[in-house]
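Here are my notes on this chain. Please read them with the model open beside you.

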Amino acid sequence: KQWYQRRVAITAGNDMLATCKGAALNADNEALKIKVLQSGRSTSMAYRDMLEYMCEALSANNTDSNQLREHSKKIADCVTDLIECAKELKSGADWVNPDDPNVIAENELLNAAASIEAAAKKLSLLQPRKKTKKEKSTDCDSALIPLL
(Lines give C-alpha, C1' and ligand atoms only; values in the text may rest on other atoms or scores of the structure.)
Protein backbone atom coordinates (compact mmCIF):
# COMPACT_ATOMS: atom_id res chain seq x y z
CA LYS A 1 0.00 0.00 0.00
CA GLN A 2 2.80 2.41 0.86
CA TRP A 3 4.46 1.70 -2.50
CA TYR A 4 1.23 2.65 -4.32
CA GLN A 5 0.90 5.90 -2.36
CA ARG A 6 4.46 6.88 -3.21
CA ARG A 7 3.87 6.07 -6.88
CA VAL A 8 0.75 8.25 -6.96
CA ALA A 9 2.66 11.09 -5.30
CA ILE A 10 5.54 10.79 -7.77
CA THR A 11 3.12 10.74 -10.70
CA ALA A 12 1.33 13.86 -9.41
CA GLY A 13 4.64 15.69 -9.06
CA ASN A 14 5.79 14.64 -12.53
CA ASP A 15 2.47 15.69 -14.06
CA MET A 16 2.76 19.12 -12.45
CA LEU A 17 6.33 19.53 -13.71
CA ALA A 18 5.30 18.49 -17.22
CA THR A 19 2.47 21.03 -17.14
CA CYS A 20 4.84 23.76 -15.97
CA LYS A 21 7.29 22.89 -18.73
CA GLY A 22 4.52 23.06 -21.34
CA ALA A 23 3.29 26.38 -19.98
CA ALA A 24 6.83 27.78 -19.97
CA LEU A 25 7.13 27.09 -23.68
CA ASN A 26 4.37 29.64 -24.27
CA ALA A 27 5.98 32.35 -22.13
CA ASP A 28 6.39 35.77 -23.74
CA ASN A 29 9.97 36.19 -22.58
CA GLU A 30 12.88 34.20 -21.20
CA ALA A 31 12.60 35.65 -17.69
CA LEU A 32 8.99 34.52 -17.35
CA LYS A 33 9.89 31.10 -18.74
CA ILE A 34 12.59 30.67 -16.09
CA LYS A 35 10.26 31.95 -13.37
CA VAL A 36 7.57 29.41 -14.32
CA LEU A 37 10.05 26.53 -14.35
CA GLN A 38 11.58 27.55 -11.01
CA SER A 39 8.18 27.99 -9.42
CA GLY A 40 7.08 24.56 -10.63
CA ARG A 41 10.28 22.99 -9.35
CA SER A 42 9.91 24.68 -5.95
CA THR A 43 6.31 23.50 -5.64
CA SER A 44 7.29 19.97 -6.59
CA MET A 45 10.16 19.90 -4.12
CA ALA A 46 7.98 21.26 -1.29
CA TYR A 47 5.40 18.58 -2.08
CA ARG A 48 8.11 15.90 -2.10
CA ASP A 49 9.54 17.14 1.22
CA MET A 50 6.13 16.95 2.86
CA LEU A 51 5.54 13.44 1.53
CA GLU A 52 8.93 12.31 2.81
CA TYR A 53 8.16 13.80 6.21
CA MET A 54 4.77 12.09 6.26
CA CYS A 55 6.31 8.70 5.40
CA GLU A 56 8.95 9.08 8.11
CA ALA A 57 6.45 10.32 10.69
CA LEU A 58 3.97 7.55 9.99
CA SER A 59 6.60 4.82 10.12
CA ALA A 60 7.92 6.16 13.46
CA ASN A 61 4.39 6.89 14.78
CA ASN A 62 5.58 10.38 15.62
CA THR A 63 3.95 13.35 13.94
CA ASP A 64 4.97 16.86 14.88
CA SER A 65 2.13 19.22 14.06
CA ASN A 66 4.54 22.18 13.85
CA GLN A 67 6.62 20.50 11.16
CA LEU A 68 3.48 19.46 9.31
CA ARG A 69 2.24 23.05 9.48
CA GLU A 70 5.59 24.33 8.16
CA HIS A 71 5.52 21.91 5.23
CA SER A 72 1.90 22.85 4.46
CA LYS A 73 2.74 26.57 4.56
CA LYS A 74 5.72 26.03 2.26
CA ILE A 75 3.50 24.20 -0.26
CA ALA A 76 0.86 26.94 -0.03
CA ASP A 77 3.48 29.64 -0.67
CA CYS A 78 4.90 27.75 -3.64
CA VAL A 79 1.44 27.18 -5.12
CA THR A 80 0.68 30.90 -4.68
CA ASP A 81 3.86 31.73 -6.63
CA LEU A 82 2.85 29.23 -9.29
CA ILE A 83 -0.58 30.86 -9.59
CA GLU A 84 1.06 34.28 -10.00
CA CYS A 85 3.20 32.85 -12.79
CA ALA A 86 0.07 31.48 -14.46
CA LYS A 87 -1.53 34.93 -14.26
CA GLU A 88 1.55 36.47 -15.86
CA LEU A 89 1.41 33.89 -18.64
CA LYS A 90 -2.25 34.62 -19.19
CA SER A 91 -1.87 38.41 -19.14
CA GLY A 92 0.66 38.32 -21.94
CA ALA A 93 -1.83 36.86 -24.40
CA ASP A 94 -5.29 37.86 -25.56
CA TRP A 95 -7.41 35.32 -23.74
CA VAL A 96 -11.17 35.41 -24.19
CA ASN A 97 -14.02 33.17 -23.16
CA PRO A 98 -15.71 32.04 -26.40
CA ASP A 99 -18.98 31.47 -24.51
CA ASP A 100 -19.11 35.07 -23.25
CA PRO A 101 -22.17 36.79 -24.81
CA ASN A 102 -20.12 39.93 -25.48
CA VAL A 103 -17.51 37.94 -27.39
CA ILE A 104 -20.23 36.17 -29.39
CA ALA A 105 -21.91 39.48 -30.22
CA GLU A 106 -18.59 41.05 -31.18
CA ASN A 107 -17.79 38.15 -33.53
CA GLU A 108 -21.22 38.38 -35.13
CA LEU A 109 -20.83 42.13 -35.64
CA LEU A 110 -17.39 41.65 -37.16
CA ASN A 111 -18.76 38.99 -39.51
CA ALA A 112 -21.66 41.26 -40.47
CA ALA A 113 -19.25 44.16 -41.09
CA ALA A 114 -17.10 41.93 -43.29
CA SER A 115 -20.17 40.87 -45.29
CA ILE A 116 -21.28 44.49 -45.72
CA GLU A 117 -17.79 45.49 -46.83
CA ALA A 118 -17.68 42.66 -49.37
CA ALA A 119 -21.10 43.65 -50.71
CA ALA A 120 -20.02 47.30 -50.96
CA LYS A 121 -16.96 46.29 -52.97
CA LYS A 122 -19.12 44.27 -55.35
CA LEU A 123 -21.54 47.19 -55.74
CA SER A 124 -18.70 49.60 -56.43
CA LEU A 125 -17.61 47.40 -59.33
CA LEU A 126 -21.05 47.44 -60.92
CA GLN A 127 -21.57 49.85 -63.79
CA PRO A 128 -24.81 50.78 -65.52
CA ARG A 129 -25.58 48.71 -68.58
CA LYS A 130 -25.07 50.31 -71.94
CA LYS A 131 -28.27 50.65 -73.89
CA THR A 132 -28.51 48.56 -77.00
CA LYS A 133 -29.91 49.95 -80.26
CA LYS A 134 -33.22 48.31 -79.60
CA GLU A 135 -33.48 49.85 -76.14
CA LYS A 136 -32.48 53.29 -77.48
CA SER A 137 -35.23 53.32 -80.08
CA THR A 138 -37.84 52.08 -77.69
CA ASP A 139 -39.17 55.13 -76.00
CA CYS A 140 -42.47 55.28 -74.20
CA ASP A 141 -43.64 58.39 -76.08
CA SER A 142 -42.83 56.98 -79.51
CA ALA A 143 -44.53 53.73 -78.63
CA LEU A 144 -47.70 55.47 -77.50
CA ILE A 145 -48.08 57.95 -80.41
CA PRO A 146 -49.12 55.40 -83.06
CA LEU A 147 -51.77 54.06 -80.72
CA LEU A 148 -53.48 57.43 -80.53
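1. First, a term. A nonpolar core is a set of buried Ala, Val, Leu, Ile, Met, Phe, Trp, Tyr and Cys residues joined through side-chain atoms within 4.5 Å. Buried means under 20% relative accessible area, exposed means over 50%, and partly exposed lies in between (1.4 Å probe, protein chains only).

2. Know the source. This is a predicted model, where local features need pLDDT of at least 70, side-chain atom pairs count only at pLDDT 80 or more, and totals for chains, interfaces and linings use all residues. Residues are numbered from 1 along each chain as its sequence is written, and side-chain values use heavy atoms, with hydrogens and water left out.

3. The fold. The protein chain has six helices and zero strands. Helices (H or I, at least four residues) and strands (E, at least two) are DSSP runs, numbered from the N terminus. Of the chain's 148 residues, 14% count as buried.

4. The core. Eight residues form the largest nonpolar core: Cys20, Ala24, Ala27, Leu32, Val36, Leu82, Cys85 and Leu89. Helix 1 (2-25), helix 2 (30-60) and helix 3 (65-91) are the elements that give two or more residues to this core. Helix 3 gives the most, with three.

5. Ala27. Which residues does Ala27 contact, leaving aside neighbours within four places in sequence? They are Leu32, Lys33 and Leu89. Contact means heavy atoms within 4.5 Å.

6. Ser44. Ser44 sits in helix 2. Why does Ser44 count as buried? Because its relative accessibility is 14%. Ser44 touches Gly13, Met16 and Leu17, not counting residues up to four places away in sequence.
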